[in-house]
Amino acid sequence: AKIGEPAQNILFVGDRLDKDIEPALKAGMHAVLKSAYTNKDKEVPAGVWRIERIAELPAIIEMVNKETVARDSWPVTRSSSDGGRDTSDEVKEVLNG
């Protein structure tokens, strides 16, 4: 279903790599993997955030919004060498102001 918003402006949150994250990435969305038994010990695709608690989402949203603004100026990437991005320090920084 169409929601009237470009895919690159959407942050998709899910706990399954096959049913949530991969389709979101394929569609051009930002993706957040919520840690759960469905993805335990699985490799997280490059550029995907992994969170433990839903309470971490506001900080991720803030970072995505900043990246979107920065993307208009120059390329910004979220990839890391080991797949999913470890954002724990960035999230703490945003949460602590």
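Reply: Of the 97 residues in the chain, 33% are buried, where buried means under 20% relative accessible area, exposed means over 50%, and partly exposed lies in between, using a 1.4 Å probe and protein chains only. The model is a predicted one, in which local features need pLDDT of at least 70 and side-chain atom pairs count only at pLDDT 80 or more, while totals for chains, interfaces and linings use all residues. Residues are numbered from 1 along each chain as its sequence is written, and side-chain values use heavy atoms, with hydrogens and water left out.

The chain has three helices and three strands, and along the sequence they follow the pattern β-α-β-β-α-α; helices (H or I, at least four residues) and strands (E, at least two) are DSSP runs numbered from the N terminus. The strands form an open sheet in the order β1-β2-β3 with parallel pairing, two strands being paired if DSSP finds at least two bridges between them. Because β1 and β3 each have a single partner strand, they stand at the edges, and one side of each is left without a neighbour in the sheet. From one strand to the next, the twist averages 25°. Between β2 and β3, which run parallel, there are three bridges, and W49 in β3 is the bridge partner of V32.

Helix α1 packs on this sheet, where it touches β1 and β2, and its direction makes about 160° with that of β2; such angles run from 0 to 180 degrees between N-to-C directions, with axes fitted to C-alpha atoms, for helices over the stretch in contact. Within α1, which spans residues 17–27, the residues L17, D20, I21 and A24 are buried. They lie on the same side of α1 because they cover an arc of only 115° around the axis, the arc being that of the directions from the helix axis to the C-beta atoms. The buried residues of α1 pack against β1 (11–14) and β2 (30–34), whereas K19 and K26 are exposed on the other side of the helix. After α1 comes G28, with a positive phi near 95°.

Not counting residues up to four places away in sequence, V64 touches L11, H30 and W49, contact meaning heavy atoms within 4.5 Å. Although V64 and H30 are 34 residues apart in sequence, their C-alpha atoms are 8.0 Å apart in space.

Leaving aside neighbours within four places in sequence, L57 is in contact with L11, V13, V32 and I51, and its C-alpha atom is 9.0 Å from that of V13, 44 residues away along the chain. For the chain as a whole, residues 24 or more positions apart account for 40% of the contacts with a separation of 6 or more.

For contrast, D41 is placed in the loop between β2 and β3 (49–51), and it counts as exposed because its relative accessibility is 72%. The phi of D41 is near 65°, a positive value in a residue other than glycine. Most residues other than glycine have a negative phi.
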